[in-house]
Amino acid sequence: MADIRDCVRVTRGMRKRAATNSFVQQPLSKKRVVLSELPISPNLEAHGGGSEKKRHVKRPAESQDDVDAKSDDPQMCPAYVSDIYSYLRQMEIQPKRRPMPNYIEKVQTDVTINMRGVLVDWLVEVSDEYKLLSDTLYLAVSFIDRYLSLNAVTRQKLQLLGVSSMLIASKYEEISPPNIEDFCYITDNTYKKDEVVKMEAAVLKALNFELGNPTAKTFLRRFTRVAQEKFKTPNLQLEFLGCYLADLSLLDYSCVRFMPSLVAAAVVFLAKFTMWPKLLPWNSKLQEYSGYTPADLKECVLIIHDLQQSRRGGTLVAIRDKYKQHKFKAVGELSSLPEIPPSYFEDVTR
């Protein structure tokens, strides 16, 4: 059976033929396939899993001079922003909203670490094809991980779980979400409408309709603003680089065990290191707003750094290709130094 990358290539071809704001409805010349037979990538398998390292997560201190409270933008909710993020930090640690950190080892018998990575990589193409929000993608991956923590799935049904989770996330986040037929079409109608509806219901039931999860993207926006507080104008390259590194973290099963806020903080740390390698990437202000010390971030930073260097997940290219585009300041082509100085993970004093 053809590799899932055939499906990715077809998705890219569709993008070239699609109208700017419409969904593709033309039949394809190449056949899409389910995630039934996948090559096992030692690059991914070698680094997945592992026991969860329990760590007490410090709550960020409440600042009287909140970076978002200064904003004139009413959408930033300046009067309530501190309370909102405090609530989100409480929400992210609730067990019902967290995936099991070792669900592939404990729950799954047919799905592998490599298959999960290929699925997420393909969903990046799907979200790009249908011009979905990045929040939709992050939420869909969260639903997939939480569902797989509770239910064993065969490899033949993994892609069905992926599109059904993307459908639910689209309904939650998008103003005009794709319909079920669009998601059937993107799999070359391997799955029928009633199968997608049935899986959608199964996911909703398994998650007990608890859909409003904060994701790494939720916290990344705030931490990036803190990192740029002294800039006269926003640094778009830093912002796009943060988005790129956060997207890469979705690929790696090892990142499932980290809290979304910790992943976001690690992304900002690595983005700053990439752009200004001679400067300390962490400071007291970022520590105050995130609640994390450099030592707290070290493990996650090193994993994402390996992803950036293609030492992990190097065969998964959808995210890398996406961020090589000019509209994203070609941050996918940026590379940081091969090693991060150990001193950068010491406690900040300023």
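## Cysteines

A search through the whole structure turns up 0 disulfides, a disulfide being a pair of cysteine sulfur atoms within 2.5 Å. Cys-255, for instance, is in no disulfide, and the nearest cysteine sulfur, that of Cys-300, is 4.9 Å away. Cys-255 is buried, with a relative accessible area of 7%. Here buried means under 20% relative accessible area, exposed means over 50%, and partly exposed lies in between, using a 1.4 Å probe and protein chains only. Cys-184 also counts as buried, at 4% relative accessibility.

## About the model

Please keep in mind that this is a predicted model: local features need pLDDT of at least 70, side-chain atom pairs count only at pLDDT 80 or more, and totals for chains, interfaces and linings use all residues. Residues are numbered from 1 along each chain as its sequence is written, and side-chain values use heavy atoms, with hydrogens and water left out.

## The chain as a whole

The secondary structure comes to 15 helices and 0 strands. Both are DSSP runs numbered from the N terminus, with helices (H or I) needing at least four residues and strands (E) at least two. Of the 350 residues of the chain, 53% count as buried.

Among contacts with a separation of 6 or more, 82% come from residues 24 or more positions apart. A contact means heavy atoms within 4.5 Å.

## α6 against α7

Two packed helices are described by the angle between their axes and the distance between the axes. For α6 and α7, the angle is about 130° and the axes are 8 Å apart. The axes are lines fitted to C-alpha atoms, for helices over the stretch in contact, and angles run from 0 to 180 degrees between N-to-C directions. α6 and α7 are therefore oblique to each other; angles under 35 degrees count as roughly parallel, over 145 as roughly antiparallel, 65 to 115 as roughly perpendicular, and the rest as oblique.

## The loop at Ser-149

Between α6 (134-148) and α7 (155-173) there is a loop that holds Ser-149. Ser-149 is buried, at a relative accessible area of 7%. Its side chain reaches the backbone nitrogen of Met-100 at 2.8 Å. Leaving aside neighbours within four places in sequence, Ser-149 is in contact with Pro-99, Met-100, Tyr-103 and Val-107.

## α7 against α9

Helix α7 also meets helix α9 (residues 193-206): their axes come within 9 Å and cross at roughly 70°. That makes α7 roughly perpendicular to α9. Among the residues making this contact are Leu-160, Ser-164 and Lys-171 of α7, together with Val-196, Met-199 and Val-203 of α9.

Most residues other than glycine have a negative phi. Asn-208 sits in the loop between α9 and α10 (216-227) and is exposed, with a relative accessible area of 55%.

Phe-209, found in the loop between α9 and α10, is not a glycine either and has a positive phi of about 60°. Phe-209 is exposed, with a relative accessible area of 59%.

Note on methods: Polar contact = N/O pair within 3.5 Å; in protein donor to acceptor, adjacent residues only side chain to side chain.
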